[in-house]
Amino acid sequence: MTALITRDELAAAIEAGTVTVLDTLGGAYYDQQHLPGALPLVLAEVDTHAPALLPDRDAAIVTYCSNPACPNSGQVADRLTALGWSNVRKYREGIQDWAEAGLPTESA
């Protein structure tokens, strides 16, 4: 099971520039709204895109999707871990929690 990260921990890591954030919703959801600096990566693209997108397999990575009911972030995190990334955590509450807390988002 993937380790979790809290909203406050994630906000601090984004502010410090010490984490790569992955939006696992992709497509129109990503274009409409995503966490600051987040990169889109959906499960179907992990095997082909992750090596170029995430060259440092020890770097801090956080996945998220819409809310705790969405399985995408866990699936992408699990796949990355299976492929050898060693520092992957999941922001279980997702962008819904982030936006409701009044934190900044970006759009494409």
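Reader: Which residues does T2 touch, not counting residues up to four places away in sequence?

Author: This is a predicted model: local features need pLDDT of at least 70, side-chain atom pairs count only at pLDDT 80 or more, and totals for chains, interfaces and linings use all residues. Numbering starts from 1 along each chain as its sequence is written, and side-chain values use heavy atoms, with hydrogens and water left out. Contact means heavy atoms within 4.5 Å. On that basis T2 touches G74, A77, D78, V88, R89 and K90.

Reader: Is T2 buried or exposed?

Author: T2 lies in the segment before β1 (3–4). Strands are DSSP runs of E, at least two residues, and helices are runs of H or I, at least four, all numbered from the N terminus. Buried means under 20% relative accessible area, exposed over 50%, partly exposed in between (1.4 Å probe, protein chains only). The relative accessible area of T2 is 10%, so T2 is buried.

Reader: Which side chain makes a polar contact of 2.9 Å with that of T2?

Author: A polar contact is a pair of N or O atoms within 3.5 Å; within protein, one must be able to donate a hydrogen and the other to accept it, and residues adjacent in sequence count only if both atoms are side-chain atoms. The partner of T2 at 2.9 Å is D78.

Reader: What is the relative accessibility of V62?

Author: V62 is found in strand β4. Leaving aside neighbours within four places in sequence, its contacts include I5, L10, V19 and Y91. V62 counts as buried because its relative accessibility is 0%.

Reader: Which residue in β3 stands opposite D23?

Author: Two strands pair if DSSP finds at least two bridges between them. β2 (residues 20–23) runs parallel to β4, joined by 4 bridges, and D23 stands opposite Y64 there. β2 also pairs with β3 (residues 39–40) in the parallel sense, over 2 bridges. In β3, the residue opposite D23 is P40.
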